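Work through the exercises below with the sequence and the structure at hand. Each task is followed by a solution in steps.

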Amino acid sequence: MSKHIGILTSGGDCAGLNAVLRAAVIRAHALGFKITGLENGTAGLLESPPHVRELTPADITPGLLRQGGTILGTTNNRNPFSYPMPDGSVKDRSDELIAALNGLGIDILIGIGGDGSFDILSRLADQGKINFIGIPKTIDNDVAETEFSVGFDTAVSVAAEALDRLQPTAASHDRVMILEVMGRDAGHIALNAGIAGGADVILIPEIPYTINAIAQKIKAVKEAGRNFALVIVSEALQTLEGENREVVYYGGEKRYGGVGEYLGPRIAEATGFETRVTVLGHVQRGGQPTWNDRLIAQAFGVHAVDLAKAGKFGRMVGWAGRKVIDVPLSAVIAKPHVVDPASALVHTARALGISFGD
Ligand code: F6P
């Protein structure tokens, strides 16, 4: 039987990753596995010597369950199949990585990541004949076949709290507040936080909008006697010209960002009301995980090790119908779960009078 688990966090971080690690370490030791933490996603394995550390019950510090970030570190821009080299070129370093895993005697890999990470890690595992199990995490909640990914609940809580904080200042100043949230190509954070935080308008990439429809809703709110309005917008919402707003970081990396600033003056012009824009950014990823994220994180960590014990590989753990489940990874990869415009939650929002700008 396989006896040595390597575990890593991959892609953008989120709250709850340390809770997953805690649970996996506790369960692995109870079931007689050695468990090694791989640092900075797969990137640490390409260092010489590899950046890894054995995880033991002594690593389960009292605060770990509550701690944001990941004690292992992570990256979202070091694909081993096209690894960015210092001279600007890219190189396939998958063989080096597999050799490092073999050198450490790791025969089971547990990857805590999103669908992009699962794609890379399961290709690696196939190539190196290593047993792989995935645990879904992402504030975007765009992983298929699971109701929740670790980190989503905390991100929604942060975004809803931001609306709570924007509402009084909006009312003091007769303003329309626009809150831009993350989520990549999926509008789940905006939809969930928008309903929970009492938004008047929710703008998501899955539902096309017009400025005119947004303006009509805001004017109707004001005509009904309210002096402010709240708009929440997903970062990947396109401009009216069909383009995404992006931020280009030093080194050339591009990320979504700026659609709130795009909308602000247009909504002001169309309504005659003053607008202000808040970009929530990475605040959604840090901080303590909510109880719900801690709960699913630990259920996922335990179940992933139980799968290893049962010799069930090529699977992702998930959450459905109030319990932890597992599904084939093939059903998850390359099938991002975005908002269904016909979903019950969209209906709830519409029934509450929330506009999607359509
Ligand atoms: O996938 C998680 C996420 O936070 C997205 O919502 C966002 O678009 C992206 O990562 C930001 O990436 P980075 O941390 O590299 O700026």
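**Exercise 1.** State into which domains the chain of this predicted model is divided, and how they are placed relative to each other.

Solution. Step one: take the bounds. Domain 1 comprises 4–150 + 289–320, and domain 2 comprises 154–286 + 341–351. Step two: take the C-alpha centres of domain 1 and domain 2, which lie 33 Å apart. Step three: count the residues in contact. Domain 1 contributes 14 residues, and these touch 14 residues of domain 2.

**Exercise 2.** Locate the ligand and list the residues around it.

Solution. Step one: find the site, which is the largest pocket. Step two: list the shell, made up of N76, I139, D140, M182, G183, R184, E235, R255, H282 and R285. Step three: sort the shell by class, giving five charged, three polar and two nonpolar residues. Step four: assign the shell to domains. Domain 1 (4–150 + 289–320) and domain 2 (154–286 + 341–351) each supply at least three residues.

**Exercise 3.** Find side-chain N or O atoms that face an oxygen atom of the ligand within 3.5 Å, and state how much of the ligand is buried.

Solution. Step one: check R255, where the distance from a ligand oxygen to a side-chain N or O atom is 2.7 Å. Step two: check R285, where the corresponding distance is 2.8 Å. Step three: check H282, with 2.9 Å. Step four: turn to area. The ligand taken alone exposes 400 Å², of which the protein buries 85%.

Conventions: Residues are numbered from 1 along each chain as its sequence is written. This is a predicted model: local features need pLDDT of at least 70, side-chain atom pairs count only at pLDDT 80 or more; totals for chains, interfaces and linings use all residues. Side-chain values use heavy atoms; hydrogens and water are left out. A residue is near a molecule or strand if one of its heavy atoms lies within 4 Å of it. A polar contact is a pair of N or O atoms within 3.5 Å; within protein, one must be able to donate a hydrogen and the other to accept it, and residues adjacent in sequence count only if both atoms are side-chain atoms. Accessible areas come from the Shrake-Rupley method with a 1.4 Å probe; for residues, only the protein chains shown count as cover. On a 1 Å grid over the protein atoms alone, a cavity is a set of points where a 1.4 Å probe fits but cannot get out, and a pocket is an open set with protein on both sides within 12 Å along at least five of seven lines; lining residues have an atom within 4 Å of a point. A molecule sits in a cavity or pocket if more than half of its atoms lie within 2 Å of its grid points. Ala, Val, Leu, Ile, Met, Phe, Trp, Tyr, Cys and Pro count as nonpolar, Asp, Glu, Lys and Arg as charged, and the others, Gly among them, as polar. Domain bounds come from an automatic or database domain assignment. Contact means heavy atoms within 4.5 Å.
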